Amino acid sequence: MIDAHITLRLLALGATELNVVMKLAIEKGVVIFLLTKYAMTATSLVFLVIHHQFRIFNIVQVRHIISGYAWVYITLLTYEITMWAYIA
């Protein structure tokens with residue numbers, strides 16, 4: 001939920017949400033935004049963990065996607081923290 005906290009801070013400083021689903025959620029209120037963000041993240045992670053032994057198109061194992069997901073999240077947090085330091 002660090003991502004949600006930083007996102008809310010950035011939005012308060014004038015940043016724009018680019019994710020259409022999350023933009024609609026934030027327009028409904030902070031609680032809806034947080035619930036949507038949590039639900040989307042939790043649902044996708046649970047789905048990936050349940051299917052970690054599967055292969056997609058007989059090429060990539062889902063467990064590798066989970067690792068990629070973690071790196072994308074770390075990159076996103078780094079980007080947001082950098083943007084926060086720049087704007088604030």
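Leu 24 is exposed, because its relative accessible area is 51%, where exposed denotes over 50%, buried under 20% and partly exposed the range in between (1.4 Å probe, protein chains only). Leu 24 lies in helix α2; helices (H or I, at least four residues) and strands (E, at least two) are DSSP runs numbered from the N terminus. The C-alpha atoms of Leu 24 and Tyr 38, which are 14 residues apart along the chain, are separated by 15 Å.

The model is predicted, so that local features need pLDDT of at least 70 and side-chain atom pairs count only at pLDDT 80 or more, whereas totals for chains, interfaces and linings use all residues. Residues are numbered from 1 along each chain as its sequence is written, and side-chain values use heavy atoms, with hydrogens and water left out.

The pLDDT, the predictor's confidence in each residue on a scale from 0 to 100, averages 91 over the protein, and 100% of the residues score at least 70.

Two helix pairs are described next. Packed helices are characterised by the angle between their axes and the distance between those axes. Axes are lines fitted to C-alpha atoms, for helices over the stretch in contact, and angles run from 0 to 180 degrees between N-to-C directions.

| Helix pair | Angle between axes | Axis distance |
|---|---|---|
| α1 (residues 2-12) and α3 | about 145° | 10 Å |
| α3 (residues 30-50) and α4 (residues 62-87) | roughly 145° | within 9 Å |

In the pair of α3 and α4, the contact (heavy atoms within 4.5 Å) is formed by Thr 41, Ser 44, Leu 45, Leu 48 and Val 49 of α3 together with Val 62, Ile 65, Ile 66 and Tyr 69 of α4. Seven of these residues are nonpolar, two are polar and none is charged. In this classification Ala, Val, Leu, Ile, Met, Phe, Trp, Tyr, Cys and Pro are nonpolar, Asp, Glu, Lys and Arg are charged, and the others, Gly among them, are polar.

On the α1 side of α3, Asp 3, Ala 4, Thr 7 and Leu 8 of α1 meet Val 30, Phe 33, Leu 34 and Lys 37 of α3. By class, this contact of α1 with α3 comprises five nonpolar, one polar and two charged residues.

Asp 3 belongs to helix α1 and counts as buried because its relative accessibility is 5%. Neighbours within four places in sequence aside, Asp 3 is in contact with Lys 37, Tyr 73, Leu 76, Leu 77 and Glu 80. Lys 37, placed in helix α3, is likewise buried because its relative accessibility is 13%. Not counting residues up to four places away in sequence, Lys 37 touches Asp 3, Ala 4, Thr 7 and Met 22. Val 31 is also found in helix α3, but Val 31 is exposed because its relative accessible area is 57%.

Within α4, Val 62, Leu 77 and Glu 80 are buried. The elements covering the buried residues of α4 include α1, α3, β1 and β2 (60-61). The end C-alpha atoms of α4 are 37 Å apart, which agrees with the 38 Å that its 26 residues should span at 1.5 Å a residue; the expected span is 1.5 Å times one less than the number of residues.
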